[in-house]
Amino acid sequence: MNNNSMSHYGNRASGFTLIELMIALVLGLLVSAAVIQVYIINARTSMVQQSASEVQDTTIFALQAIDDHIRLANLGNPISNITSTTPHGGIVLTTNNLNSTDIGLFTTSADSPGWTGLSNIDGVESDQLTLQYKNITSAPLYDCEGVEVASRSANWVVERYFIRQATGGTANDLVLACAAGRVNEEGQIVKEFDGIGAVIIPAVDQFKVLLGTITNVSQLSYLPASIYLDLTEKPAITTVKLGVIVRSTTPLLDDPESGVAASDKGKFFVLGTQQQLNADSVSKKHYRRTYESTIVLRSARVMSVTGLKSNVKS
């Protein structure tokens with residue numbers, strides 16, 4: 001074999017140089033980083049969309065169910081004006097509405113005396129709503145815990161909507177629950193309220209309630225329960241407005257590249273008032289949104305007749 005043949009064989013067997021290998025390695029790392037970044041962005045976007053869908057679906061269905069029950073308030077009561085003095089009044093505010101000394105069973109607002117409502121909002125407690133009705137229809141109804149209320153039942157149904165800590169959860173893991181009881185015609189409790197109740201919304205940070213009253217023919221005012229009870233002349237309650245801050249049960253993903261922890265917004269407007277989230281770093285990773293609902297009470301009617309002129313001549 002001559003030298004030319006050996007030289008030709010040696011050229012064919014030569015590989016990549018060190019510089020070429022380094023360039024290929026850098027390019028491979030850049031491509032891998034780009035692919036990983038795209039994957040992370042897609043995963044985070046998918047998680048946000050999933051959390052938003054979860055919050056929206058849960059809240060809309062839950063609020064629709066609550067709205068349907070609130071519309072039953074004062075059903076079966078021959079007195080259509082709902083106030084704090086109405087016997088078996090549709091919105092339970094005092095012992096005149098419900099023959100009980102337990103203030104924990106009444107509709108209360110954050111600043112009501114002796115009331116503490118759980119909340120993840122800085123300095124603002126949650127409210128509680130208690131309503132009452134009797135099934136005078138020809139068909140069975142079901143209370144907020146899913147228990148059947150027989151047609152033309154003699155007892156009144158009392159439902160209490162409130163915030164409590166989730167079973168087995170942390171201090172910031174709150175749910176909106178409802179406990180239902182029964183009272184007789186005299187307003188005495190004949191079926192005790194379950195202290196835990198049924199979970200209506202599984203992840204809530206705050207629950208607020210305003211009572212809508214007609215102060216004159218053309219003006220509708222919304223008041224917390226505490227302010228309404230302080231009024232000297234208490235107008236009839238015709239509307240209930242609800243506000244909730246709901247969060248996802250699944251936390252958002254962190255950004256490992258920037259080292260920034262996932263966090264949703266911390267300020268919310270609930271029933272016209274700005275609220276500041278007060279939660280630990282883990283809870284702040286959840287997707288949160290505010291939902292409001294206004295319900296007109298079907299069994300509460302207020303009639304005002306003004307400005308009528310007589311056609312009879314003297």
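The structure is a predicted model. Its mean pLDDT is 82, and 78% of the residues reach 70 or more. The pLDDT falls below 50 over residues 256–262, a stretch for which the model shows eleven contacts beyond near neighbours in sequence. It is also below 50 over residues 304–314, where two such contacts are present. Where pLDDT is low, the predicted coordinates should not be read in detail.

On the surface, a nonpolar patch is formed by Ile 19, Ile 23, Val 26, Leu 27 and Leu 30, which together have about 500 Å² of accessible area. Ile 19 is located in helix H2, which spans residues 18–70. Ile 19 counts as exposed because its relative accessibility is 58%, and the threshold for that class is over 50%.

Most residues other than glycine have a negative phi. His 88 has a positive phi although it is not a glycine, and Leu 271 likewise has a positive value. The table lists the phi angles of these residues.

| Residue | Phi |
|---|---|
| His 88 | about 55° |
| Leu 271 | near 50° |

His 88 lies in the loop between H2 and E1. Leu 271 is placed in the loop that joins strand E11 (267–270) and strand E12 (273–276). His 88 is buried, at 7% relative accessible area; Leu 271 is also buried, at 16%. Both residues are classed as buried because that class means under 20% relative accessible area.

Note on methods:
Residues are numbered from 1 along each chain as its sequence is written. This is a predicted model: local features need pLDDT of at least 70, side-chain atom pairs count only at pLDDT 80 or more; totals for chains, interfaces and linings use all residues. Side-chain values use heavy atoms; hydrogens and water are left out. Patches are made of residues with over 30% relative accessible area and no salt bridge: like charges are joined within 9 Å, nonpolar side chains (Val, Leu, Ile, Met, Phe, Trp, Tyr) within 5 Å. Accessible areas come from the Shrake-Rupley method with a 1.4 Å probe; for residues, only the protein chains shown count as cover. A salt bridge is a side-chain nitrogen of Lys or Arg within 4 Å of a carboxyl oxygen of Asp or Glu. Helices (H or I, at least four residues) and strands (E, at least two) are DSSP runs, numbered from the N terminus. Buried means under 20% relative accessible area, exposed over 50%, partly exposed in between (1.4 Å probe, protein chains only). pLDDT is the predictor's confidence in each residue, from 0 to 100. Contact means heavy atoms within 4.5 Å.
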